[in-house]
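Good morning, and thank you for the time.

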Amino acid sequence: MSSLTDLSMLELAAKLASREVSSVEATRASLQRIAQVDPKVRAFLRVDEAGALKAAEASDARRKAGSPLSALDGVPVGLKDIFLTEGVETTCGSRILEGFVPPYDATVVRLLKEAGLPMVGKLNMDEFAMGSSNESSAYFPTHNPWDLTRTPGGSSGGSAAAVAAREVFGALGTDTGGSIRQPAALTNTVGLKPTYGRVSRYGVIAFASSLDQPGPMARTVGDTAALFQLIARHDPLDSTSADVETPDCLTGLEDGVRGLKLGVPREYFAEGMDPEVAGTLRASLEELEKLGATLVDVSLPHTKYALATYYLLASSEASSNLARYDGIRYGQRAKDARGLKELYTQTRGQGFGAEVKRRIMLGTYALSAGYYDAYYLRAQKVRTLIREDFTKVFQQVDAIVSPTSPVPAFKLGAKVDDPLSMYLMDVYTLPCNLAGLPGLSVPCGFTQGGLPIGMQLLGRPFDEARLLRIARAFEREHDFFRRAAPV
């Protein structure tokens, strides 16, 4: 039964449709795999065995009656612990929300339930999605299935690790500055950050509201496309949700790259990139050229300001969003506080971790009287320049190709005391969020030491289908996607 977990989502869906396999069997295989490897990987914060099996039984009944809710009805998946799940504890990786049980589902969770996918459990993450290594989780770090001494990336590291370790067939994460794509690159998985507004943020615990975007993570491009189609819906409950048609990403998935122009930004191949990452990326670019794409040298001149711009804006929004955790409305409350001021300071002091406090302080400073114009307002202006750079480049090319991460997975503990070094892990991914564009990371090789390397594709707004098509053309040429992590 454990071999079931080696199937892709679409392969399992086909077996479910033919009644060769039941959803209960697939879900039990997933739960068995979690019991076997998660004590080492630590991807899950909590497993909902009873809920998953109940959903699987309902799926099998629908299949038997000939009325599945979707093509993926019965395929077990995992959820980053940032998504509200009715009746299931949701902590966002933080002590301050320990014990919080939401009374409703996030829109993306509701959409997956309406499509019949059993939810196996909630996945570990950096606290409030602030981090690039999963080490800022208030509970424990997640380990990379390719090397248990290394990070799976963050903040959606639990989602990436669970998919890579074959504990689930697919998962949902969120991406504020690279938190889907960077973990995908470090774990040999596929991660899609949709266009801002394409997927509803309703019921997603907020970090930076103008940057956050939920998206799918899976082992293959086809699985990622199928999962994306289920959650890409307009939502009147989210005021930033785009009222655009749900894309059909599977129909043109095999169309290849012949005739496409792919931009290669010179700023993304600068000093500081690991030599093996650089070499693998250049080899991948040559392959895309052989497959019929035309490579175009392009420039994104304001990229050098993206890191500072991002951390000013994201921290400012975090300072505002996290003000609600005061010990009064919900979440943890300091027990020995005497008076309102002590209640605030002790609750937040005890409930938030070091990285969250660091970003709240940075954001509060940037928004304070006398500094707003110098920091926050100027960062917004530079954000506009970064967006305009992309707009100009997309007049010349169909998509942009770059590294996802400047380095392979690094050792746990290696950067935890060096915040700036940790922030630099997102240097290639965060410009996409500032511009609100879609981005995808696809596996493109391994280091000599066996660590995965990812290639990033960036596209025009709402052009996820083209990114998936390019990624699929590359995927067809390789066996990266079939290689199992050694865990």
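Let us start with a pair of residues: Gly 191 has Met 217, in strand 6, as its bridge partner. The model is predicted, so to speak, throughout: local features need pLDDT of at least 70, side-chain atom pairs count only at pLDDT 80 or more, and totals for chains, interfaces and linings use all residues. Residues are numbered from 1 along each chain as its sequence is written, and side-chain values use heavy atoms, with hydrogens and water left out.

Strands here are DSSP runs of E of at least two residues, and helices are runs of H or I of at least four, numbered from the N terminus. Two strands pair if DSSP finds at least two bridges between them. Strand 5, residues 190–193, is joined to strand 6 by two bridges, and the two run antiparallel. Strand 4, residues 170–174, also pairs with strand 6 in the antiparallel sense, over five bridges. Within strand 6, Pro 216 stands opposite Leu 172.

On a 1 Å grid over the protein atoms alone, a cavity is a set of points where a 1.4 Å probe fits but cannot get out; a pocket is an open set with protein on both sides within 12 Å along at least five of seven lines; lining residues have an atom within 4 Å of a point. Grid points are joined across faces, edges and corners, and a volume is the space filled by probe spheres set on the points.

The whole structure holds three cavities of 30 Å³ or more. The largest has a volume of about 60 Å³, and its lining includes Trp 146, Arg 219 and Phe 480.

Finally, the largest pocket contains about 380 Å³ of space. Of its 18 lining residues, Tyr 104, Gly 203, Val 204, Ile 205 and Arg 324 lie nearest its centre.
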